[in-house]
Amino acid sequence: MDLNGARILVVGATGVLGQRLCERLGEHTTEIVVTGRSAADAERLRDRLGLRAAHALDLVDHDQAAAVVRTAAEELGGFDAVLVATGVAAFGPAAEEDEAVVEELFEVNALGPMAVLRAALPHLADGGAVAVLTGVVAELPVAGMAAYAASKAAMASWLGSLRRELRRRRIAVVDARLPHMDTGLVDRALAGPPPTLPPGHNIDDAVAAVELGLEHGVREVRLD
Ligand SMILES: NC(=O)c1ccc[n+]([C@@H]2O[C@H](COP(=O)([O-])OP(=O)(O)OC[C@H]3O[C@@H](n4cnc5c(N)ncnc54)[C@H](OP(=O)(O)O)[C@@H]3O)[C@@H](O)[C@H]2O)c1
């Protein structure tokens, strides 16, 4: 898809990767609506980059998510692309995972993004694209992050089915299977100290790869 002048919804725009992606996309278009849990943070980003609009959106509330997506679709007159950059991690042995933490992982990493995309699809132009930041953990089980990996795997599986279903509308479904980067995500985990992780991959490389993936409608974005 052509990113120049494209109408894009970015959910989770206030995170580290979300902001960097908005900066890159903002070089092609200012027809971008951003969301974050904090309206003030989202508005600051909108003002800094001169974007179209900003809204508060907590993915745990699916009704609110659908309402925000509808509002964004009205503001932009439909979407050419939707990018979901929300996510949360948690660490610890599978046998000791807290139920509430597991539920929140699935809400933020899988059920919420699914609700956003369901609400967005009727407004998405044929030939457009959706992209979700999943992670290599979706396909590579790692000890100490079972529910986090399972929530990402659930999202990746759902995207795989969606891709087949949207083929006729020529809508690309981009699954960004990113490796570990030092964005601070692991320090904001809902539970547990992170296991020892390898040095983080370069954030600029990841952001550029996602932008390219969106532009070319690739199935998966990988850094290796
Ligand atoms: N960093 C990595 O190593 C890495 C590797 C692979 C994949 N990823 C994925 O990339 C995505 C972005 O991660 P990041 O590194 O940029 O981390 P981040 O800076 O912590 O960003 C996480 C984003 O998720 C949002 N979020 C958390 N809980 C939410 C909720 N209940 N409702 C709505 N939004 C919520 C945060 O919103 P607020 O800004 O309002 O807090 C923030 O925008 C995540 O899906 C992550 O799993 C990251």
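The model is predicted. The ligand sits in the largest pocket, and a search of the whole structure finds one cavity of 30 Å³ or more.

**Shell around the ligand**
- The ligand has 26 residues around it, and Thr14, Arg37, Thr86, Met181 and Thr183 come nearest.
- By class, the shell around the ligand holds 13 nonpolar, nine polar and four charged residues.
- Helix H1 (16-25) and helix H5 (146-165) each contribute at least two residues to this shell.

**Polar contacts and burial of the ligand**
- A polar side-chain atom of Tyr148 is 2.8 Å from an oxygen atom of the ligand.
- Polar backbone atoms also lie by ligand oxygen atoms, at 3.0 Å for Gly87 and at 3.4 Å for Gly12.
- The ligand taken alone exposes 880 Å², and the protein buries 91% of that area.

**The largest cavity**
- The largest cavity contains about 30 Å³ of space.
- Its lining consists of Thr86, Val108, Asn109, Pro113, Val132, Leu133, Thr134, Lys152 and Met155.
- Helix H4 (99-120), strand E5 (124-133) and H5 are the elements that give two or more residues to this lining, and H4 gives the most, with three residues.
- The lining of the largest cavity divides into five nonpolar residues, three polar and one charged.

- H5 supplies residues to the shell around the ligand and to the lining of the largest cavity.

Methods
Residues numbered from 1 in each chain as written. Predicted model: local features only at pLDDT ≥ 70, side-chain atom pairs only at ≥ 80, totals over all residues. Heavy atoms only, no water. Near = heavy atom within 4 Å. Polar contact = N/O pair within 3.5 Å; in protein donor to acceptor, adjacent residues only side chain to side chain. Areas by Shrake-Rupley, 256 points an atom, 1.4 Å probe, with all protein chains shown as cover. 1 Å grid on protein atoms, 1.4 Å probe; cavity = no way out; pocket = protein on both sides within 12 Å on 5 of 7 lines; lining within 4 Å. Sits in = over half its atoms within 2 Å of the grid points. Helix = DSSP H or I, 4+ residues; strand = E, 2+ residues; numbered from the N terminus. Nonpolar A, V, L, I, M, F, W, Y, C, P; charged D, E, K, R; others polar. Points joined across faces, edges and corners; volume = space filled by probe spheres on them.
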